[in-house]
Amino acid sequence: MTNDDTTGKTMNALTQDTLGDPGVLREAELPRPEPGIGQILVAVHAAGLNPTDWKHRESGAFLGRPPFTLGWDVSGVVEAVGLGVSLFSPGDEVMGMLPYPYGAGSHAEYVAGPARAFVPKPAGLGHVEAGALPLAALTAWQALVDNARLRAGQRVLVHAAAGGVGHLAVQIAKARGAYVIGTASAAKHDFVRGLGADEVIDYRTADFTTEARDIDVVLDSLGGENCLRSLDVLRPGGILVSILPDKWSQVPAKAAELGVRATFMLVEHDQAGMAAVAGLAESGQLRAHIARTYPLAEAAKAHAEGETGHVTGKLVFDIRP
């Protein structure tokens, strides 16, 4: 039961029938979803891309075999609400992250999701800016605030500080009053400093384990050996938060040996965290850098660019330009 009958209506959406390279993506006409109990139907105006999108496209990861529509970031306008929804009404502008991983589907003209996965979109943000924030900003917020309990005056090392999660983590850490050190290629140092970083390390020419010492919090978005080596820069009692599981099995024992803490996390949809992110954006303390926008019709190009691993900031699908 909804306040708007969407039965039989269709929409354009990205889909894929097989796993593989960006060429498997195609734009298709699919049934428009209907909001269920506690859900809202959103007319998607913009939706960010994240590394998890191309990983799922290629491997299926948590979603299994296709067909499926990817995308967890949403900025748009409420089209209809399901039974029991009292927080939003049709016409409201919202932003949010669909439940990860099984709520994917925002790379489409419409998506349905839990009302409490969304918050009002800050009036000062356009849909493209808002659509770039949810998954990456929530990842950074949950890593630094929920897991690391970051406090003013602490020293933070953010790896890949010019990337999607990294460039938002730098800003969140600064908003919390931390001293922030970021790693990035030399060409991106000015960008990272412009975000508020106090120091930037060129990961190509310098060893971060000697350049960064007595660190309270490390946010690692690279995994593997980088994750293991990051334990060496922590002060006693410091914490490493990793968002990639590569070689994680080796991390807990080394952390215990060094007297530091380590945790691995996956982002979760979280209305309180999303509201905090929106508040920082509204106050001007947090902005997503938009590297490029794409229409859904150029999804293969967008995924190919993302997979280079050298995007500064975020790529975004501008679905209703």
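How many aromatic pairs does the structure hold? Three. Rings of Phe, Tyr and Trp (its six-membered ring) pair if their centres lie within 6.5 Å; planes under 30 degrees apart are stacked, over 60 edge-to-face, the rest tilted.

Quick ground rules. This is a predicted model: local features need pLDDT of at least 70, side-chain atom pairs count only at pLDDT 80 or more, and totals for chains, interfaces and linings use all residues. Residues are numbered from 1 along each chain as its sequence is written, and side-chain values use heavy atoms, leaving out hydrogens and water.

Take W72 and Y100. They form a tilted pair, 5.0 Å centre to centre, with 55° between the planes. The pair links distant parts of the chain, 28 residues apart. W72 is buried, and so is Y100; buried means under 20% relative accessible area, exposed over 50%, partly exposed in between (1.4 Å probe, protein chains only).

F62 is partly exposed, at 41% relative accessibility.

Next, W248 and F264. Their ring centres are 6.1 Å apart and the planes sit at 45°, so this pair is tilted. Again, the pair links distant parts of the chain, 16 residues apart. Which one is buried? W248, at 17% relative accessibility. F264 is partly exposed, at 29%.

Last, H167. H167 is buried, with a relative accessible area of 0%. Its side chain reaches the backbone oxygen of G164 at 3.0 Å. Among the residues H167 touches are F191, R287 and H289; contact means heavy atoms within 4.5 Å.

Terms used:
Polar contact = N/O pair within 3.5 Å; in protein donor to acceptor, adjacent residues only side chain to side chain. Helix = DSSP H or I, 4+ residues; strand = E, 2+ residues; numbered from the N terminus. Lists of a residue's contacts leave out its neighbours within four places in sequence.
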